[in-house]
Amino acid sequence: MRIVCPFCGERELGEFTYLGDAKPARPAADAGEDAVFDYVYLRDNVAGAMSEHWYHSGGCRAWLKVTRNTLTHEISAVEPAAGAGAAKVGA
Amino acid sequence: MKYSIFSLARAALSGHKNWQRTWRDATPKDRYDVVIIGGGGHGLATAWFLASEFGTKNVAVLEKGWIGSGNAGRNTTIIRSNYGLPGNTGFYELSMKLWERMEQDLNYNTMVSQRGVINLYHSDAQRDAYARRGNTMRINGIDAELLDLKAVKKMMPFLNFDNERFPVQGGLLQRRGGTARHDAVVWGYAHAASALGVDIIQNCEVTGFARDANGKVTGVETTRGKIGAGKVGMAVAGSSSRVAAMAGLRLPIESHVLQAFVSEAIKPLLPCVMTFGAGHFYVSQSDKGGLVFGGDIDGYNSYAQRGNLPVMEDVCEGGMALMPMIGRVRLLRQWGGIMDMSMDGSPIIDKGPVDGLYINAGWCYGGFKATPGSGLVFAHLLARDTPHKEAEKFRLDRFRTGAVIDEKGQGAQPNLH
């Protein structure tokens, strides 16, 4: 698997660190127990195209949002995660 | 048929032409008391325990491919009960005790070999952690021995004891641990369950659940038609989220890929199963002579049953650090299996929030050793509707209540367990 980092170009998998599904969003402070439980523990565990967070730890150290198919490992899109220098590449 | 020295002699004298089928490949009936989804070790063991211990014989096991084609046929065949937390310790020892009598119970040679499992330690802190784990095991009636450097050298003189960065200082040994033949375990349970009337149905993929007006599961839709069921149990680790989703459930599980490796056959070398405590590398030697080894999961969600090169390299580096002489041994095979990585690294065996659906999931990369124990406690739950006493803590709602069983202390990050 290779990931095309928007800042560094195509790099091998070993340079990246995985966080996981990009979909769960931290609930508001007053959202209640159910929302927090859902955010921390429950996952869609998608079989197919999934949007996920990767960290380019062995490169530019930017957080990336990668769309990858979990059935084939095919990567269809890579973009900077919100706040990860997104403005620099015009994303 | 019953296997014995006499049946072997009879078959040998008649040119091995009269062996009967080991188990019956069944066609689905309209209805069963219990339908188990998943014809792996856990599903088949559950069916056998239901039939033999709990008198529930009208049972079907549904397998989407052929039995043992998933993780039951993809693991590294290690059995052990060296867990440290309440909930796990007793359960895995229950399983270990069932391994010790499995061949007699099933009348099948599952090649259970108690050759020992040693976890090497490389620092004072790690020795202390292993001493604590060993003590936990011993006060729970499980065998454990803390070996010093001299004892490890005597047992495995071929290890690299000159490693300056990660010197081998000793190891925690469980002599009753070891290996078993994974395919034989699957076929052994199939053999014994089939003999008691359990229907084993292959090429039968579940595509949905039949529910009544109250939402209770009353059967399954499959590629071979609808099958009614009093209760449905799922034992489909790797695909738990996908099956549960058909019942509208989201689970605290992610599917990750774990790779395993086998080398070409070499002369007898390893006396036991060994783990490298400084990196992540574990190895045993099969009876055919191949080194069977593995390491960490790849670390990203996957259903692909294949991994990538960085982990392969990391695993082989771990092996070389301990045993530099394997550098010229050629790798024979490499493969991947899909792990049900739960949010605390421990399994889930519980009645689901959906009535009539029972869940056996979340085995992470440790499901093989649990096979007999999992079968017994899941059969107990299915038959009696109450958890077996050694599985009371494997509840689905433990994530909500905070009663998680997190051996590694990693928190809700499945790729780090």
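Reader: In β15(B), which residue is the bridge partner of B:L258?

Author: The general idea comes first: strands of a sheet pair through backbone hydrogen bonds, and the pairing is either parallel or antiparallel. In this predicted model, B:L258 has B:I297 in β15(B) as its bridge partner.

Reader: In what order do the strands of the open sheet come?

Author: Reading across the sheet, the order is β5-β6-β4-β13-β14-β15-β12-β16, all eight from chain B, and the pairing is mixed. The edges are β5 and β16 (331–342) of chain B, each of which pairs on one side only. From one strand to the next, the twist averages 25°.

Reader: Which strands pair with β6(B), and in what sense?

Author: One is strand β4 (residues 117–121) of chain B, which runs antiparallel to β6(B) and is joined to it by five bridges. Here B:L120 stands opposite B:G171. Strand β5 (residues 145–148) of chain B also pairs with β6(B) in the antiparallel sense, over four bridges. In that pairing B:E145 stands opposite B:L173.

Reader: Is strand β6 of chain B mostly covered or exposed, and which way do its residues point?

Author: A residue counts as buried if 20 or more other C-beta atoms lie within 10 Å of its own. By that test, five of the five residues in β6 (residues 170–174) of chain B are buried, so the strand is mostly covered. B:G170, B:L172 and B:Q174 point one way, while B:G171 and B:L173 point the other way. Both groups are buried.

Reader: How many helices and strands does chain B have, and what are the figures for the chain as a whole?

Author: Chain B has ten helices and 18 strands. Along the principal axes, the C-alpha atoms fill a box of roughly 65 × 60 × 40 Å. Buried residues make up 51% of the chain. Of the contacts in chain B with a separation of 6 or more, 75% come from residues 24 or more positions apart.

Terms used
Residues numbered from 1 in each chain as written. Chains lettered and ligands numbered in written order. Predicted model: local features only at pLDDT ≥ 70, side-chain atom pairs only at ≥ 80, totals over all residues. Buried ≥ 20, exposed ≤ 12 C-beta atoms within 10 Å, placed from the backbone. Helix = DSSP H or I, 4+ residues; strand = E, 2+ residues; numbered from the N terminus. Pairing = 2+ DSSP bridges. Axes fitted to C-alpha atoms, helices over the stretch in contact; angles between N-to-C directions. Contact = placed C-beta atoms within 7 Å.
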